[in-house]
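Reader: I am new to this structure, and I would like to understand the words used for it. Could you take me through them?

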Amino acid sequence: MRSPKDFFAPLAVGAPEPVRQIPALPSRMIHFFDPSNEKMAAKAPDIAKKVDVLLGNLEDAVRADRKEAARNGLVEIAKANDFGQTQLWTRVNSLDSPWVLDDLTNLVTEIGDKLDVIMVPKVEGAQDVHYVDRLLAQLEARAGLTRPLLVHAILETASGVANVEEIAGASPRMQGISLGPADLAASRRMKTTRVGGGHPGYLVRTDPTGEDLNAGRTTYQQDLWHYTVARMVDACAANGILPYYGPFGDIRDVVACEDQFRNAFLLGCVGAWSLHPAQIDIAKKVFSPEPSEVAWARRVIAAMGDGTGAVMIDGKMQDDASFKQCQVVAELADALSARDPELAEAYDKATKEALAGE
């Protein structure tokens with residue numbers, strides 16, 4: 001175990017100094033594309049204008065004989081484009097694959113100045129983060145990078161869930177963690193073939209009201225991922241990093257996708273993956289607070305002053321705990337407003353109306 005005083009020291013001579021606080025940049029949707037697919041690659045610059053994060057995927061969904069093409073395609077796209085405020089991420093191949101070493105070596109040395117975050121799949125413990133941490137420091141030093149690349153872990157094995165707290169705190173590079181429901185389901189031997197979302201067989205049923213055990217008993221579908229998302233959120237919050245919901249595989253079912261994303265948002269996630277352009281607007285809608293919620297939060301903050309004591313607003317008591325809740329919403333709204341002028345206008349209008357109506 002490293003000494004706490006050495007935690008923020010570079011892991012290689014000449015590597016940039018690790019960050020001490022993860023930047024809370026808007027990342028409502030992490031939009032995946034395959035850089036080996038010429039049609040997708042051609043659309044990447046336009047898609048980048050609509051998303052918070054554009055991610056070049058090198059792992060799943062890229063065939064084994066297309067791995068090198070995907071890697072090279074991402075390098076070409078990064079060199080040819082300036083994505084402005086949109087972050088550029090990549091998901092490299094898993095650490096037990098024959099491709100990951102070339103992924104990291106080539107990407108860091110070729111486009112390390114363009115990349116923001118490297119997503120690492122199937123992280124099972126702190127040891128996986130430590131390996132990537134040291135290797136990235138060596139490559140950053142070789143490439144002469146002046147800022148460190150951040151690491152994002154995907155939670156998609158039973159071991160990863162069991163070790164999620166140590167994963168979240170394994171390195172100053174840790175930017176966040178995403179839920180990977182499909183691989184996690186396989187690792188746990190869960191009996192579902194769905195990629196994210198609920199399952200009609202996972203339910204609770206109301207008690208019987210008479211002798212007929214079948215009459216009038218309503219069922220309610222439950223969330224298969226509630227426990228894991230909640231535990232992941234706690235691990236991330238405790239370590240100052242960001243939690244994300246992962247993929248929702250049924251592209252056609254935009255209603256269930258929105259429901260699943262909203263569950264994650266309410267539990268504390270800051271964003272989700274988008275696998276298709278149809279999911280971009282869903283994520284943008286869900287992971288942006290409603291203008292009325294922002295107006296209420298700002299109204300409470302204004303009334304509370306320094307955040308101590310208690311006040312009554314519209315018959316509801318507000319104290320230091322609700323003040324902190326409102327700060328979370330208001331700070332998120334401020335961050336999103338800096339990127340999205342339309343959202344900023346909607347938030348300001350709702351706030352002015354709420355304050356004027358007092």
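**Terms and values**

Author: Gladly! Four bridges join strand E1 (residues 29–33) to strand E2 (residues 53–57), and the two run parallel. This is a predicted model, in which local features need pLDDT of at least 70 and side-chain atom pairs count only at pLDDT 80 or more, while totals for chains, interfaces and linings use all residues. Residues are numbered from 1 along each chain as its sequence is written, and side-chain values use heavy atoms, with hydrogens and water left out.

Reader: What makes E1 and E2 a pair?

Author: Two strands pair if DSSP finds at least two bridges between them. E1 and E2 have four bridges, so they pair. In one of these, Ile30 has Val53 of E2 as its bridge partner. Strands (E, at least two residues) and helices (H or I, at least four) are DSSP runs, numbered from the N terminus.

Reader: In what order do the eight strands close into a barrel?

Author: The order is E1-E2-E3-E4-E5-E6-E9-E10, with parallel pairing. From one strand to the next, the twist averages 25 degrees; such angles run from 0 to 180 degrees between N-to-C directions, with axes as lines fitted to C-alpha atoms, for helices over the stretch in contact.

Reader: Which residues of H4 are buried, and what do they pack against?

Author: Buried means under 20% relative accessible area, exposed over 50%, and partly exposed in between (1.4 Å probe, protein chains only). Among the buried residues of H4 are Val129, Val132, Leu136 and Leu139. The buried residues of H4 pack against elements including helix H3 (100–111), strand E5 (150–155) and strand E6 (174–179), where contact means heavy atoms within 4.5 Å.

Reader: Why is Ala61 called exposed?

Author: Ala61 has a relative accessible area of 76%, which is over 50%, so the word exposed applies. Ala61 is found in the loop between E2 and helix H2 (67–80). Its phi is near 80 degrees, a positive value in a residue other than glycine. Most residues other than glycine have a negative phi.

Reader: And why does Arg189 count as exposed?

Author: Arg189 is at 65% relative accessibility, again over 50%, and therefore counts as exposed. Arg189 lies in the loop between helix H7 (181–188) and strand E7 (203–205).
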